[in-house]
Amino acid sequence: MGNKFKSFEHFLKPDPRFKDKVASKFINCLMEGGKKSVAQKIFYGALTEVSKKIPGVEAIEVFKTAVNNVKPIVEVRSRRVGGATYQVPVQVDQKRQLSLAIRWILNAAHGKKGRPMHEKLALELASAYKKEGDAMKKREDIHKMAEANKAFAHFAW
């Protein structure tokens with residue numbers, strides 16, 4: 001049986017404008033149907049909107065802070081023990097933290113209706129920067145669930 005493919009971080013090139021690998025990963029996750037130039041226009045348009053909403057702070061710093069605010073520390077995993085399934089809280093490793101944060105921000109932006117995508121994304125990034133919004137709510141829900149199930153932490157092995 002072959003090994004599962006894992007993508008290599010050194011293949012990821014930094015984005016052209018800010019030379020940042022996290023922004024490049026975000027653009028790749030935003031991309032649909034292989035249309036990277038469209039995803040870049042949406043991302044850079046959103047950062048332009050963010051710089052208008054939050055003056056005095058670099059747009060890329062707002063983006064990085066928003067992603068770091070949304071990153072979860074713990075999550076719950078289902079563990080079957082003796083016929084019963086328990087929700088066991090476990091630590092989240094760095095790569096999964098980043099991918100979950102990006103996914104939650106994008107899902108929250110996609111969930112808003114009636115605006116162009118760059119405006120929805122800018123709104124979600126600005127609210128995540130202020131520790132508000134749907135992506136932050138998702139993170140808080142995950143943390144509450146882990147807190148409620150910490151009695152089963154001894155099942156994490």
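This is a predicted model: local features need pLDDT of at least 70, side-chain atom pairs count only at pLDDT 80 or more; totals for chains, interfaces and linings use all residues.
Helices α4 and α5 sit oblique to each other.

How large is the angle between α4 and α5? About 125 degrees, with the two axes 8 Å apart. For orientation, α4 covers residues 94–111 and α5 covers residues 117–129. The crossing of α4 past α5 is right-handed.

Next, the residues that touch. On the α4 side they are Ile 105, Leu 106, Ala 108, Ala 109 and His 110. Facing them from α5 are Met 117, Lys 120, Leu 121, Glu 124 and Leu 125. By type, this contact has seven nonpolar residues, two charged and one polar.

Now to the strands. Strand β1 is residues 74–81, and strand β2 is residues 84–91. Do they run parallel or antiparallel? They are antiparallel, and eight bridges join them.

Val 76 has Pro 89 in β2 as its bridge partner. Arg 79 is bridged to Tyr 86, also in β2.

What do β1 and β2 form together? A hairpin, with two residues between the strands. In the turn, Gly 82 has a positive phi of about 60 degrees.

One general point for anyone following the side chains: in a regular strand they alternate between the two faces of the sheet.

Methods. Residues are numbered from 1 along each chain as its sequence is written. Side-chain values use heavy atoms; hydrogens and water are left out. Axes are lines fitted to C-alpha atoms, for helices over the stretch in contact, and angles run from 0 to 180 degrees between N-to-C directions. Helices (H or I, at least four residues) and strands (E, at least two) are DSSP runs, numbered from the N terminus. Angles under 35 degrees count as roughly parallel, over 145 as roughly antiparallel, 65 to 115 as roughly perpendicular and the rest as oblique. A crossing is left-handed if the near helix is turned anticlockwise from the far one by less than a right angle, and right-handed if clockwise. Contact means heavy atoms within 4.5 Å. Ala, Val, Leu, Ile, Met, Phe, Trp, Tyr, Cys and Pro count as nonpolar, Asp, Glu, Lys and Arg as charged, and the others, Gly among them, as polar. Two strands pair if DSSP finds at least two bridges between them.
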